[in-house]
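Please read them with the sequence and the coordinates open.

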Amino acid sequence: MAAIGKLTQLEELHLNFGRFSDAGVKQLAGLSRLKRLSLSHTKLTNAAMDIVGSLTTLEALDLDHATITDAGLAEADRTLTKLADARARQRRRSATPRVAHLSALGALRQLDLYHTLRHRQRVRAAESGAAALPRSSTIAESTKRERRS
C-alpha cells in the first residue's frame with residue numbers, strides 16, 4: 001500500500017478483494033487527485049472512513065460487501081461533497097438503516113443500496129433516500145429497480 005500511496009497523480013483506484021487493514025488505507029491519504037475508489041469485498045471497518053473522508057476529490061466510492069456500517073458512512077459523508085456515485089451493496093446492516101445523513105452530499109446522483117436491507121426497511125430507505133436526495137436515483141429493491149425522484 002505504501003507504493004500505491006506514492007502515486008499522487010492517480011485518479012482511479014480499485015482495491016477490491018484487497019487483504020489490507022484499516023492502517024493500510026492510511027497510505028492513501030496523499031492521493032489528492034483520486035476521483036474513483038473501489039474498496040469492495042474488503043475487511044475495512046469504520047476506522048478507515050476518516051482516511052476515505054479525507055479524499056475530498058472523490059466522485060465515486062464503492063463499498064460493496066465491505067464491513068462499513070452506517071455510522072462509518074456518515075463519518076466520510078461529511079467531507080465527500082463531490083461524491084456523485086456511491087455503492088454500498090450487502091454492507092453490514094445497522095439496526096436502523098438511515099440514508100438521511102446523505103443529504104449533505106449535494107452532488108450525489110446515484111446511490112446503490114441493493115441487498116442491504118430487509119424488505120420493509122428497504123422500502124423505507126428508498127423513500128427516505130428519495131426525500132433526502134431529490135436529484136438522485138436510489139436503488140434499493142432486490143430486483144435493482146430504480147426509484148427516481
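Which residues does Leu58 touch, not counting residues up to four places away in sequence?

1. Leu58 touches Leu34, Lys35, Arg36, Leu37, Val52, Leu80, Lys82 and Leu83, when residues up to four places away in sequence are not counted. The position of Leu58 is in the loop between helix 3 and strand 3, and with a relative accessibility of 0% Leu58 counts as buried. One further distance can be checked on screen: the C-alpha atoms of Leu58 and Ala84, which are 26 residues apart along the chain, are separated by 8.5 Å.

2. The mean pLDDT of the protein is 75, with 59% of its residues reaching 70 or more. Among the elements, strand 1 (residues 12–14) has the highest mean pLDDT, at 96, whereas strand 7 (residues 146–148) has the lowest, at 44. Over residues 92–98 the pLDDT is below 50, and this stretch has 16 contacts in the model beyond near neighbours in sequence. The pLDDT is also below 50 over residues 141–149, a stretch with 25 contacts in the model, again beyond near neighbours in sequence. Where pLDDT is low, the predicted coordinates should not be read in detail.

3. On the overall arrangement, the protein has 5 helices and 7 strands, and from the N terminus on its elements run α-β-α-β-α-β-α-β-β-α-β-β. Of its 149 residues, 48% count as buried. Among contacts with a separation of 6 or more, 59% are between residues 24 or more positions apart. The accessible surface comes to about 7700 Å², and carbon and sulfur atoms account for 50% of that surface.

4. The largest nonpolar core has 25 residues, and the members that touch the most others are Leu37, Val52, Leu58 and Leu61. Helix 3 and helix 4 are the elements that give two or more residues to this core, and the largest share, 3 residues, comes from helix 3. In soluble globular proteins, nonpolar side chains tend to be buried together.

5. Is helix 4 largely enclosed or exposed? Since 6 of the 8 residues of helix 4 (residues 70–77) are buried, this helix is largely enclosed by the rest of the structure. The buried residues are Asp70, Gly72, Leu73, Ala74, Ala76 and Asp77, and the buried residues of helix 4 pack against helix 3 (49–54).

6. How many salt bridges does a search of the whole structure find? The search finds 1 salt bridge, which Arg33 forms with Glu11, with the closest N and O atoms 3.5 Å apart. Arg33 lies in the loop between helix 2 (22–25) and strand 2 (36–38), while Glu11 lies in the loop between helix 1 (2–5) and strand 1, so the pair ties together parts that are 22 residues apart in sequence. Both partners count as partly exposed, Arg33 at 38% relative accessibility and Glu11 at 34%.

7. Most residues other than glycine have a negative phi. Phe17 is found in the loop between strand 1 and helix 2 and is exposed, with a relative accessible area of 59%. His65 is found in the loop between strand 3 (60–62) and helix 4, where at 32% relative accessibility it counts as partly exposed.

8. The loop between strand 3 and helix 4 also holds Thr67. At 19% relative accessibility, Thr67 counts as buried, the cut-off for that term being under 20%. A polar atom of the Thr67 side chain lies 3.5 Å from the backbone oxygen of Lys43.

Methods. Residues are numbered from 1 along each chain as its sequence is written. This is a predicted model: local features need pLDDT of at least 70, side-chain atom pairs count only at pLDDT 80 or more; totals for chains, interfaces and linings use all residues. Side-chain values use heavy atoms; hydrogens and water are left out. Buried means under 20% relative accessible area, exposed over 50%, partly exposed in between (1.4 Å probe, protein chains only). Helices (H or I, at least four residues) and strands (E, at least two) are DSSP runs, numbered from the N terminus. Contact means heavy atoms within 4.5 Å. pLDDT is the predictor's confidence in each residue, from 0 to 100. A nonpolar core is a set of buried Ala, Val, Leu, Ile, Met, Phe, Trp, Tyr and Cys residues joined through side-chain atoms within 4.5 Å. A salt bridge is a side-chain nitrogen of Lys or Arg within 4 Å of a carboxyl oxygen of Asp or Glu. Accessible areas come from the Shrake-Rupley method with a 1.4 Å probe; for residues, only the protein chains shown count as cover. A polar contact is a pair of N or O atoms within 3.5 Å; within protein, one must be able to donate a hydrogen and the other to accept it, and residues adjacent in sequence count only if both atoms are side-chain atoms.
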